[in-house]
Amino acid sequence: METCVLPSNWGFTNIGGTAMRNSAHTLKRKLLVASISVLVLAVVLTTDTPAARAQDVDDERVMERIGRGRASYRVYCRSCHGNQARGDGIVADVLKIPPSDLTRISARREGEFPFEEIRELIDGRKDVQGHGNRDMPIWGDAFKVATDTQDDAVVAEKITQLVYFLRSIQETGE
Ligand code: HEC
């Protein structure tokens, strides 16, 4: 007659019995905590306060600006600053001053990303660096020509989009 050939430690036997019960217990608790968190989150997310809505719209607007900034970067900046913005674009070699690694703007400033300063630096019509000659084009002027506009707000928005994009690619590590 056949005997049962299941190994004795199959399934629910006592291999690590207490440990397993404990971990099952911990798992249950984790699941409980997780489902409560999901509930809380759901409540928070569906509580449609004007502030929450404004925040959503804000985020969307920022994402849109980052996207547009990235597109402008490809057209106007990467020849010097490179595909990955690391300062190694195809014309970098012929410049007197090497183009900056734009993923390290914050790293060069003790982790701060000074939005306004970077805006003005790119714009270039105000000499924020305090030395008249720079190898970087004066984008404030260039965008007026490129976008065929005399409207400063259009130019300002284009530069702002670029700054949002740059802020989104900052590396924090060494
Ligand atoms: C003709 C080459 C060239 C092009 C094109 C160019 N840059 Fe630059 N950029 C430079 C050089 C060179 C520097 C180094 C600073 C200087 O020239 O005084 C620089 C510096 C910068 C800095 C300063 C970084 C820091 O940490 O201080 C920013 C920001 C910047 N570029 C953004 C841009 C953006 C955005 C574009 C595209 C709209 C762009 N650059 C296009 C050459 C270029």
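Biologist: In this predicted model, is the crossing in which α5 passes α6 left-handed or right-handed?
Modeller: Treat the model as predicted. Take α5 and α6 as the pair. Where α5 passes α6, the crossing is right-handed.

Biologist: At roughly what angle do the axes of helix α5 and helix α6 cross?
Modeller: Two packed helices are described by the angle between their axes and the distance between the axes. Here α5 covers residues 139-146 and α6 covers residues 152-168. Their axes come within 9 Å, and the crossing angle is roughly 115°.

Biologist: Which residues of α6 make the contact, and which of α5?
Modeller: From α5 come Trp139, Gly140, Phe143 and Lys144. By class, the residues of the contact of α5 with α6 divide into four nonpolar, one polar and two charged. The α6 side supplies Val155, Lys158 and Ile159.

Biologist: What covers the buried residues of α4?
Modeller: Start with the residues themselves. In α4 the buried ones are Ile118, Leu121, Ile122 and Asp123. Their cover includes α5 and α6.

Biologist: What is the phi of the glycine that follows α4?
Modeller: The residue after α4 is glycine 124. Its phi is positive, near 80°.

Biologist: Why does alanine 85 count as buried?
Modeller: Alanine 85 sits in the loop between α3 and α4. Its phi is near 65°, positive in a residue other than glycine. Burial takes 20 or more other C-beta atoms within 10 Å. Alanine 85 counts as buried because its C-beta neighbours inside 10 Å number 24.

Biologist: And aspartate 148: how many other C-beta atoms lie within 10 Å?
Modeller: Aspartate 148 is in the loop between α5 and α6. It is not a glycine, yet its phi is positive, about 50°. A residue is exposed if the count is 12 or fewer. Aspartate 148 is therefore exposed, as its count within 10 Å is 8.

Biologist: Which of the 21 residues around the ligand come nearest?
Modeller: The shell around the ligand holds 21 residues. The nearest are Cys77, Cys80, Ser100, Asp135 and Met136.

Biologist: Which elements give two or more residues to that shell around the ligand?
Modeller: The criterion is a contribution of two or more residues.

Methods
Residues numbered from 1 in each chain as written. Predicted model: local features only at pLDDT ≥ 70, side-chain atom pairs only at ≥ 80, totals over all residues. Near = placed C-beta within 6 Å. Helix = DSSP H or I, 4+ residues; strand = E, 2+ residues; numbered from the N terminus. Axes fitted to C-alpha atoms, helices over the stretch in contact; angles between N-to-C directions. Left-handed = near helix turned anticlockwise from the far one by under 90°. Contact = placed C-beta atoms within 7 Å. Nonpolar A, V, L, I, M, F, W, Y, C, P; charged D, E, K, R; others polar.
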